[in-house]
Amino acid sequence: MKNKPEENRDGLVPTPARGSMFASIKGLASRRKAVPRRPLRILVVDDEEPIRRFVERVLRDAGYITLAAADGVEALALSQKEGVFDVVVTDLMMPGMSGDELARRLRQDEPRLKVLYLTGYSDRLFMEKVTLWQDESFLEKPCSIKGLKEAVALLFFGRLEAPAHG
């Protein structure tokens, strides 16, 4: 006697085509990043004022809410005062605290924080870190306006342009 195929909880017998189509759709849906209903809050941290102002202006003009700090200590205090950020754009090499250490400390309070290292020292970044963690990326200094906006959008939304806020 031939065994009857097992039904799933919906009372349907899965077929290879049905199972693979469902898995494909489910996989695609799980990879899409959720679009926030509010503008992203971005913390910009760089010890060089002209770079800090440039990054903050570009991201603010792109529709993000930005706050800036000159170093890691100031950034941690700002985070305590202002609450959770969605993204931190940080210089890697700063006096007192590296951008990597700052990201580690900020993630203690917000594990889902996305980190974009803006650095002229990418070779040093990868000497100290063999790989980047999930939700981390880097962009070489100097960067273009387009490159900065695309890097933030790719890091947070998984595509080159940020979706319209709704």
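Predicted model: local features only at pLDDT ≥ 70, side-chain atom pairs only at ≥ 80, totals over all residues.
Close-up 1. The axes of helix H3 (residues 72–82) and helix H4 (residues 99–109) come within 10 Å and cross at roughly 15°. Because angles under 35 degrees count as roughly parallel, H3 is roughly parallel to H4. The crossing of these two helices is right-handed.

**Close-up 2. Residues in the contact of H3 with H4.** On the H3 side, the contact is made by Gly72, Ala75, Leu76, Ser79 and Gln80. H4 contributes Leu102, Arg105, Leu106 and Asp109. Sorted by class, the contact of H3 with H4 comprises 4 nonpolar, 3 polar and 2 charged residues.

**Close-up 3. The largest nonpolar core.** This core has 20 residues, and those with the most contacts inside it are Ile42, Leu59, Val89, Leu116 and Leu148. At least two residues of the core come from each of strand E1 (41–45), helix H2 (49–61), strand E3 (87–91), strand E4 (114–119) and helix H6 (145–157). The most is given by H6, which supplies 7 residues.

**Close-up 4. The surroundings of Leu116.** Neighbours within four places in sequence are left aside in this view. Leu116 is in contact with Val88, Val89 and Thr90, with Ser137, Phe138 and Leu139, and with Leu148, Ala151, Val152 and Leu155. Leu116, Val89 and Leu148 are among the residues with the most contacts inside the largest nonpolar core.

Definitions and conventions. Residues numbered from 1 in each chain as written. Heavy atoms only, no water. Axes fitted to C-alpha atoms, helices over the stretch in contact; angles between N-to-C directions. Helix = DSSP H or I, 4+ residues; strand = E, 2+ residues; numbered from the N terminus. Parallel < 35°, antiparallel > 145°, perpendicular 65-115°, else oblique. Left-handed = near helix turned anticlockwise from the far one by under 90°. Contact = heavy atoms within 4.5 Å. Nonpolar A, V, L, I, M, F, W, Y, C, P; charged D, E, K, R; others polar. Core = buried A, V, L, I, M, F, W, Y, C linked by side-chain atoms within 4.5 Å. Buried < 20%, exposed > 50% of the residue type's maximum accessible area, 1.4 Å probe, protein only.
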